[in-house]
Protein chains: 6
Amino acid sequence: MSDQKTALIVTAHPGDFVWRAGGAIALHVRKGYRVKIVCLSFGERGESQFAWKTAGVAMDEVKAQRKAEAEEAAAILGASIEFFDAGDYPLKLTEAMFDRMVDIYREEKPAFVLTHALADPYNMDHPEATRFAQDARIIAQAAGHKPDPSRAYSAPPVFLFEPHQPEQCDFKPNVILNITDVWETKRKAFEVLAAQKHLWDYYTRVALNRGVQGGRNSGRAMTYGEAYQRVFPMIVEELA
Amino acid sequence: MSDQKTALIVTAHPGDFVWRAGGAIALHVRKGYRVKIVCLSFGERGESQFAWKTAGVAMDEVKAQRKAEAEEAAAILGASIEFFDAGDYPLKLTEAMFDRMVDIYREEKPAFVLTHALADPYNMDHPEATRFAQDARIIAQAAGHKPDPSRAYSAPPVFLFEPHQPEQCDFKPNVILNITDVWETKRKAFEVLAAQKHLWDYYTRVALNRGVQGGRNSGRAMTYGEAYQRVFPMIVEELA
Amino acid sequence: MSDQKTALIVTAHPGDFVWRAGGAIALHVRKGYRVKIVCLSFGERGESQFAWKTAGVAMDEVKAQRKAEAEEAAAILGASIEFFDAGDYPLKLTEAMFDRMVDIYREEKPAFVLTHALADPYNMDHPEATRFAQDARIIAQAAGHKPDPSRAYSAPPVFLFEPHQPEQCDFKPNVILNITDVWETKRKAFEVLAAQKHLWDYYTRVALNRGVQGGRNSGRAMTYGEAYQRVFPMIVEELA
Amino acid sequence: MSDQKTALIVTAHPGDFVWRAGGAIALHVRKGYRVKIVCLSFGERGESQFAWKTAGVAMDEVKAQRKAEAEEAAAILGASIEFFDAGDYPLKLTEAMFDRMVDIYREEKPAFVLTHALADPYNMDHPEATRFAQDARIIAQAAGHKPDPSRAYSAPPVFLFEPHQPEQCDFKPNVILNITDVWETKRKAFEVLAAQKHLWDYYTRVALNRGVQGGRNSGRAMTYGEAYQRVFPMIVEELA
Amino acid sequence: MSDQKTALIVTAHPGDFVWRAGGAIALHVRKGYRVKIVCLSFGERGESQFAWKTAGVAMDEVKAQRKAEAEEAAAILGASIEFFDAGDYPLKLTEAMFDRMVDIYREEKPAFVLTHALADPYNMDHPEATRFAQDARIIAQAAGHKPDPSRAYSAPPVFLFEPHQPEQCDFKPNVILNITDVWETKRKAFEVLAAQKHLWDYYTRVALNRGVQGGRNSGRAMTYGEAYQRVFPMIVEELA
Amino acid sequence: MSDQKTALIVTAHPGDFVWRAGGAIALHVRKGYRVKIVCLSFGERGESQFAWKTAGVAMDEVKAQRKAEAEEAAAILGASIEFFDAGDYPLKLTEAMFDRMVDIYREEKPAFVLTHALADPYNMDHPEATRFAQDARIIAQAAGHKPDPSRAYSAPPVFLFEPHQPEQCDFKPNVILNITDVWETKRKAFEVLAAQKHLWDYYTRVALNRGVQGGRNSGRAMTYGEAYQRVFPMIVEELA
């Protein structure tokens, strides 16, 4: 294993990693991280309204279409992507998937993990994905799970990304990441999601307004931001 | 499908729709709504103490007895009722039941849904029923679930009804419905639940006190009220 | 007193009624309400950075300048405005001002009141303004305050408007008002606040995103929205 | 000082100690406690609607009338009462009153204190009374306040009594006191408050429903209850 | 069944009943209670780091080792122990185990139950154990579950014990138990857990600091304390 | 003004900066920061029990004694200290003090501020000190307060330090500072507070347990820690 730092993103559907974490992915790739996305479903049932407008379209076609989009978006952002094909609305996560998720934590030893907010009354797949990501993060620490005394693994910090309606999801951002330098890349990834064109503008506005907030809170100029909620305490050697 | 508006009530046990939502049911029936109750169990194990006092009574007898009561109460209130027979204490909700619940949302296209509070440390069936009702409401929106491009469905507002000990269930009422005009009907439905006579008075007092609160908050006279907690933001064209 | 309905807005600084409630003001004016704004300060110390960039500018000049702007913005929105000149950063609200505020409630008998969120760690004037508005609303009910047995007054519902960083202020919107029809008017009022041009776009984005959320929650098209948090339970005769 | 245990009640207005704590007062008097009520105002402005219906009635008359009622109710319950005459709506508590309040804590050395809930959006006098009662309880501990090395004082447990709309006041009861044995006394005290006859029934229903909840939570029969929220942890030698 | 009072402890792993409830167990044993521990797993995968340091160690060996320790610790504290062998990280609780848990409630008729905090972002076994303990407590009340009209059972109070990082688990202690008299016994039980020597001191410090807090809140001397969060309201006949 | 970074600590009483922030002070001094403590009172009434045991001691003597201690402790930690002599139990903060506090923010331009938790039911001076520190931090930003267009000031991040009973004060630490390297200095400052010897051990245990938690959350060794709650979002260029 090289010294390259890694980051892990766990999302329920393809759109999520683009809208919510596309900036963080592109930014850390640019900083030299290896970034891996675990995409639990293709969003084939619940987030593909456009595809289903064609009468008689088959589930496999929709899945293939969304998979191609997700791969293209991940490539633009510079990340690798692994699909779990768990189905969506609702996610049907199996023990085998959980086992694979634990292995990924141990393989990647990520410096941080990004996943969904803890609650979302509009979408039960989102908290389910978070629970899955967080449980696997803990099991990866268990010495008795596929024991190997030589292994070193330390559970990474978890950041929750911004849901569609933050206040309804009890999302309280305590971190704003400056994504100004990679905005064009994030925006390019938006454009892969051609069927959700109305969300391009929505999430551009979100990024701009988080940028204004970031500038206001730091006194430093910032144009585009992504908001996160850090789950565990931060351990520091200096406060400023 | 006619232009008649509809309402949907999802309850864990028969008593719940009587004590907690009987006024809303009777009132909206009177206003011309078609109201449908989905009753997930007969309350046969956990809410039939009286029936089990007879030594040797069989489960089927208890269920039949509670079913008859529930049907009679629903008839008094003017609603149709569908039983899921999921068992109670605890509810054992299956995928087939979930599938049926989703279909009901699409069939009824309810103008609103009433179900249990989000938490109840005294009764784990109640939050489970809410979760079930809310998840199905979302799945019914998924274009890829039994796809049919011609279908129109919009997820209805959700109101949580008042649990037995509101403060212990983190229930915070933000809506009080004036049920004065249908009080006699609600009370008549109480009387079907002959074995729970002590609750007749309890819930009469609840209705009277919510009525006082309704009057106090509106400046308009009200005698009987039912309290609800609206889950999603209200979209309005005027504030008053 | 005529039958005209009235609305009352209580804000700490001039910008607040424009950014946060400009849509509600213009909309209810269009619906025939008489709308009155109580503006507690001119924002002369804390919200006039631009004016203070001129070396040697006097406090009175700054106040006059901000007052003129506030009057112009109120006129565009169609509301009357009364200034309390309480000073800002911090507000210094006196007993005489409180007494006047109580009188205004009794004179206006508003159908609703709009004021600030309950908390704001970025600006202590905002929660202070809310406290002032809410305390006066209660005192206006006290039969022994300037007693007059013939008077009829009922405390109106209170809606909190959206702060600059909603999640940091524990703001949880439960009402979204459709302001699409009056958007141009609200935007025109923005433009009076020439020194805060960067906020024009910020609050345009807020309005557009609240509009998307309003559409998503109602299933009805909406372009521009304003979010509010209703404080007291709503008393209703029908749930849908 | 005798060995008699004492209890202290701090209320904003006369009605409060009757509706909210009348059972606790009568019960502890019966158990041999000396109970003292500190009544911060006469409720003359905000809680005397009936009195003000008479045109031309003077403030002093209203105060005298409410004082007589409060004294009669206290006598029925068996408690002594001290008035602070701070005015109501809003309370105007002075330093001298605070100083007196501290002295009372030291004189009485109460085994417990009862006062208002921490929040009440309907009545700003209530949280103000609590703040006053709690601050004085702490100052009474300060060795440098009227120093007297021989004095022994230990800050007593605080119980908040039930507000008119518990959920709106974030009141979460964690103690239910069985007041069945003194119910008739509490009810008799209600009847002194002749002008608020509609509240007699309201608070009788509250007591009955808290009684049902008490029975449900303990498995022991109880008819009438009063709910309290204990503020500080309980220190115990046994859990059951 | 004798008149002996009983207590029930439900823990996910062996360490939990020692660190978190060892004082309560020893104290109530000394007071004459029969205390039963239900230990859902042996902590074999997630809480046996030391054992897994030996390359090639088998799961059965680790389980046997941890079982022996748990039995020894329970014996020192004076409690009986029943293992469910549900596996850990994550717990895999079956219907048969749930059925057994319900039977235990009915057999023991405990005066109180101790179990884990409601949330623990560091360990998903802990909230799962609580859910299991609380659900079984409720089912044990259901008249239709293994009906027996002659049975008397009343759901006991539940106390949550202190998690490793209280604030991160939303743990709010409202009871501090004085365990000074049995401290030596609790400490002796620590020493059975030889592989977790660093936790001996950690939990000794927790006990000492809870003791200081207990003294501060009661005005009575206390050296060692255990903190608990009571879930349901307390029903009392006297407040002091 | 030099390039030296600065830090500001605002405390109600002398003990607070020692027990709660002594590590942060010593650590940042060692890192080259200029650290300034604003000590609002001498703790002469409420936190000087020992001094008041001498019958007839005068207030001035107690104040002088506590002042000397505070100066000695600040010197050991390497910070300068300014006293406001506001009195304690309760603090009586004047406008002049507020004005001075604002000036200090502008003079120091601190990189961060440390102050008390937002709530403390055991000590009303603590939340009052926080409110004072936070309000002044905001006023210092107001361009119209002592206007000077050439001035640059940006409101610094605020960290709340750990109160005596964290859970009762709704304190949720999200930062743990490693103070291992300066522990001996912090401990030496403890020893100046000779009259509070029992707290030396209490806060040594707190530091050790926060150290264990810091190690657990970071995977890096740490012996002594101080917990803080960051109030405003953190603005970052990288997540790990």
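The legends below describe close-up views of a predicted model with several chains.

Residues are numbered from 1 along each chain as its sequence is written, and chains are lettered from A and ligands numbered from 1 in the order in which they are written. In this predicted model, local features need pLDDT of at least 70, side-chain atom pairs count only at pLDDT 80 or more, and totals for chains, interfaces and linings use all residues, while side-chain values use heavy atoms, with hydrogens and water left out.

**View 1. The interface of chain B and chain C.** Contact, defined as heavy atoms within 4.5 Å, links 33 residues of chain B with 33 residues of chain C. The two chains bury about 2800 Å² between them, 58% of it on carbon and sulfur atoms; buried area is the accessible area (1.4 Å probe) that two parts lose on being put together, summed over both. In chain B, the most area is lost to chain C by Ile235(B), Glu237(B) and Leu239(B), together 27% of what that side buries.

View 2. Glu238(B) forms a salt bridge with Lys5(C), and their closest N and O atoms are 4.0 Å apart. On the side of chain B that touches chain C, strand 6 of chain B gives the largest share, four residues; strands are DSSP runs (E, at least two residues), numbered from the N terminus.

View 3. Strand 8 of chain B and strand 6 (residues 175-178) of chain C run parallel and are joined by three bridges; two strands pair if DSSP finds at least two bridges between them. Ile235(B) has Ile176(C), in strand 6 of chain C, as its bridge partner.

**View 4. The axis relating chain A and chain F.** Chain A is superposed on chain F by a rotation of 180 degrees with 0.0 Å of shift along its axis (RMSD 0.0 Å). The two copies are thus related as by a two-fold rotation axis; the superposition is by least squares on the C-alpha atoms of residues with pLDDT of at least 70 in both. Asn174(A) is the residue of chain A that comes closest to the rotation axis, at 4.8 Å (C-alpha). Of the interface residues of chain A, 100% are also interface residues in chain F, so the copies meet through the same surface.

**View 5. Chains without contact.** Chain A and chain D do not touch, and their nearest C-alpha atoms are 18 Å apart. Chain B and chain F are likewise joined by no contact, with their closest C-alpha atoms 18 Å apart.

Notes. A salt bridge is a side-chain nitrogen of Lys or Arg within 4 Å of a carboxyl oxygen of Asp or Glu.
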